Amino acid sequence: MLCLFDLDGTLIDSEIGILGCVRHALTQLGVAHPTEMRHWIGPPLRHSFAPLLDHDHDRIELAVEYYHQRFHAIGWREHTVYPGIDAMIDRLQSAGHTLAVVTSKPERHARPIIEHLPFGGAFNRLYGPDPSSPHSEKASMIAAALADFSTSPEQTVMIGDRHFDIDGAVANRVQGIGVLWGFGSQAELEKAGAHALARDPEHLAELLAA
């Protein structure tokens, strides 16, 4: 089976790094920080910056640039691997599954993270949107993976913590498995049409072995 994994909120807890970069960008632009920011994790940056910057295209682009500058310098290292992920990845590899990452992070930000993960070598491919894109493009990246691996939708699963992951799965007629340890909610994942929900990485491995 082709197993496509989201990165933030699924393999790693990247809240500190992502929100640190958001705060840096807003500070550079003289904008007050929102009190609640967890919803920033998952959607495209431009989508989240827009309402705080009066939908001003130039200021949004500047905010994204400030974000990327800090992320490239230190933000990419500010994360932890969720407990049990390494054992789950090893189990899937041993079972002969093909693994890849489909993330909303630009590839240039996601690649060093994956390369430094202890299990990073388990992933055959990395799919990330163009940095200039305002969309997460999960659906088109999943479609690209199906083509690259010559795999049918029936033999593919997309695993993630937000509705963007499930939306992309539904658009490609692949199974979408929502994980409950990330930044999304059970209600969000169910509403999006998740095929199944995983309580923890061990449960996810069991679902994929079924």
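Helices here are DSSP runs of H or I with at least four residues, strands are runs of E with at least two, and both are numbered from the N terminus. I'm working from a predicted model.

**Entry 1: two loops, two positive phi values**

I started with Ser 150, which lies in the loop between helix H6 (138-148) and strand E6 (156-160). Its phi comes out near 50°, a positive value in a residue other than glycine. I noted that because most residues other than glycine have a negative phi. Buried or exposed? I checked Ser 150 for that next. Exposed means over 50% relative accessible area, so Ser 150 counts as exposed at 67%.

Then I looked up Arg 173, in the loop between helix H7 (163-171) and strand E7 (175-179). Phi of Arg 173 is near 60°, again positive in a residue that isn't glycine. With a relative accessible area of 61%, Arg 173 is exposed.

**Entry 2: the cores**

I asked which residues have the most contacts inside the largest nonpolar core. They are Phe 5, Leu 11, Phe 49, Ile 89, Phe 123, Ile 159 and Leu 204, in a core of 53 residues. I followed up on Phe 123: leaving out residues up to four places away in sequence, Phe 123 touches Phe 5, Leu 11, Ile 89, Leu 99, Ala 100, Val 101 and Ile 114.

Ile 114 took me to helix H5 (residues 107-116), where His 109, Ala 110, Ile 113 and Ile 114 are buried. Why do they sit on the same side of H5? Because they cover an arc of only 120° around the axis. For the cover over the buried residues of H5, I listed strand E2 (12-13), helix H3 (57-73), strand E4 (98-102) and strand E5 (123-127), among others.

**Entry 3: H4 against H9**

Last, I looked at how helix H4 (residues 85-94) packs with helix H9 (residues 201-209): the angle is about 15° and the axes are 8 Å apart. Angles under 35 degrees count as roughly parallel, so that is what H4 and H9 are to each other. Their crossing is right-handed. From H4, I noted Ile 85, Met 88, Arg 91 and Leu 92 meeting Pro 201, Glu 202, Leu 204, Ala 205, Glu 206 and Leu 208 of H9.

Methods:
Residues numbered from 1 in each chain as written. Predicted model: local features only at pLDDT ≥ 70, side-chain atom pairs only at ≥ 80, totals over all residues. Heavy atoms only, no water. Core = buried A, V, L, I, M, F, W, Y, C linked by side-chain atoms within 4.5 Å. Buried < 20%, exposed > 50% of the residue type's maximum accessible area, 1.4 Å probe, protein only. Contact = heavy atoms within 4.5 Å. Arc of directions from axis to C-beta. Axes fitted to C-alpha atoms, helices over the stretch in contact; angles between N-to-C directions. Parallel < 35°, antiparallel > 145°, perpendicular 65-115°, else oblique. Left-handed = near helix turned anticlockwise from the far one by under 90°.
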